[in-house]
Amino acid sequence: MDVYDNNTFTGKDDFPRKILSQLLGSNGPVHAVTYSASPGTYILTGSADRSIRLYNPIPASPSSSTTTSSTSFITKPSQALSSTATPPQGRLIQTYTSHGYEVLSLSVSSSNATFASSGGDRAVFLWDVSTATTIRRFSNQGHTAGRINSVIFAGVDDSLLISGGHDTTVRIWDVRSQSSSRPVQVLGEAKDGITSLAVSSPGGGAEVLAGSVDGRVRTYDVRMGRLVTDVFPGAVTSLCLARDGKTVLVGSLDSKIRLMDRSNGQCLRTYGGDGNANGDAAGGWMNKEIRVQSVLGGGERWVVAGDENGAENSNGEGRVWAWDLLTGKLMAKLGVPWGPGGGKVVVGRDGKEKERKNVVSCVAWKDGGFGNQFCVGGTSGVVTVYGEA
């Protein structure tokens, strides 16, 4: 096992620390990022400016820009560059505009021909990628209050859409039905808002996992009509299923990320806060106030999460954390640059400039966690793409 601390590096690992590009164009915080289906060539982003943007993260002229390493607190000293270095820009391909409120969640179909989005509109939008138009809007007898925090494709050939929102319900929609836009099923057991969803298909069946602010992860076996509930100490903010469906990564507002065995509800490993294997530098990671996403990456070797606090400096950088899945040891802590221009200056009521903080809240790993690249977004409105050196 490689050994790290905040100032030195011994041993080697292949965690992708190098900044490949930054994706610009959003006029507000980015709340959702996702890759296109395998091989994951493109990235979709959802923003507070009510828009969805499709990018190619590879710069148009790689030779004209220098790919930079992020400021890393756990890396070779020679790799850490000044935060004033400007990463190359990815290519904006298309902008999708039909939402009337902020966009909070995105899901891409396996064919890459369509994608779904949700947010503050109380409706689920189904889009045609090539024409940049909405095919369907699922809102009839839909979510009754607040935001729709999560949407995900499910079923054979992505025939279903599942959404969860502030109204405490999970709703299942039939994408193929042209005669009705009503949900085919409503799951209403949660006592507080639904924050995150995941779908598993064991043995050809169908299971829906729903994380809620009430501190529960509810697993619905839709075909068998069975419900299993796992209880957590804090509001659940993030779910990420392993590819084999046997384990699930659960993030919650007690500053912990847990790897859970789905067969018996046992916690296999805890990350972040003071709960990693040796109580080392990972104790600096906190998540107590907002929804911060965590994912599996690098062929499910790492646990990767954003950060609600920002980096330990005054230039507005955000942070990304990565732990070894099996041991729980901290592998990397990367600075996330604010972006070109440094962002808008915010002035408080006292007339003084407020401290800028790039809260990294959304993370996506290419090819469902098995690619060689990941991207992060947050309050700066800039999406930063990391890859191998």
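Author: Two strands pair if DSSP finds at least two bridges between them. Strands are DSSP runs (E, at least two residues), and helices are runs of H or I with at least four; both are numbered from the N terminus. The model is predicted: local features need pLDDT of at least 70, side-chain atom pairs count only at pLDDT 80 or more, and totals for chains, interfaces and linings use all residues. Residues are numbered from 1 along each chain as its sequence is written, and side-chain values use heavy atoms, without hydrogens and water.

Reader: Which strands are the edges of the open sheet of four strands?

Author: The order is S17-S18-S19-S20, with antiparallel pairing. An edge strand pairs on one side only. The edges are S17 (194-200) and S20 (226-231).

Reader: Which residue in S20 stands opposite threonine 219?

Author: Six bridges join S19 (residues 216-221) to S20, and the two run antiparallel. Opposite threonine 219 stands valine 228.

Reader: Why is strand S29 described as largely enclosed?

Author: Buried means under 20% relative accessible area, exposed over 50%, partly exposed in between (1.4 Å probe, protein chains only). S29 spans residues 360-365. It is largely enclosed by the rest of the structure because its buried residues number six of the six.

Reader: Which residue in S30 stands opposite valine 360?

Author: S29 and S30 (residues 373-378) run antiparallel, joined by five bridges. Opposite valine 360 stands glycine 378.

Reader: How far apart are the end C-alpha atoms of residues 23-56?

Author: UniProt (unreviewed entry) places "repeat: WD" at spans including 23-56; its annotations use the numbering here, have shortened names and may be inferred rather than shown by experiment. Residues 23-56 are 0% helix and 50% strand. Their end C-alpha atoms lie apart by 9 Å.
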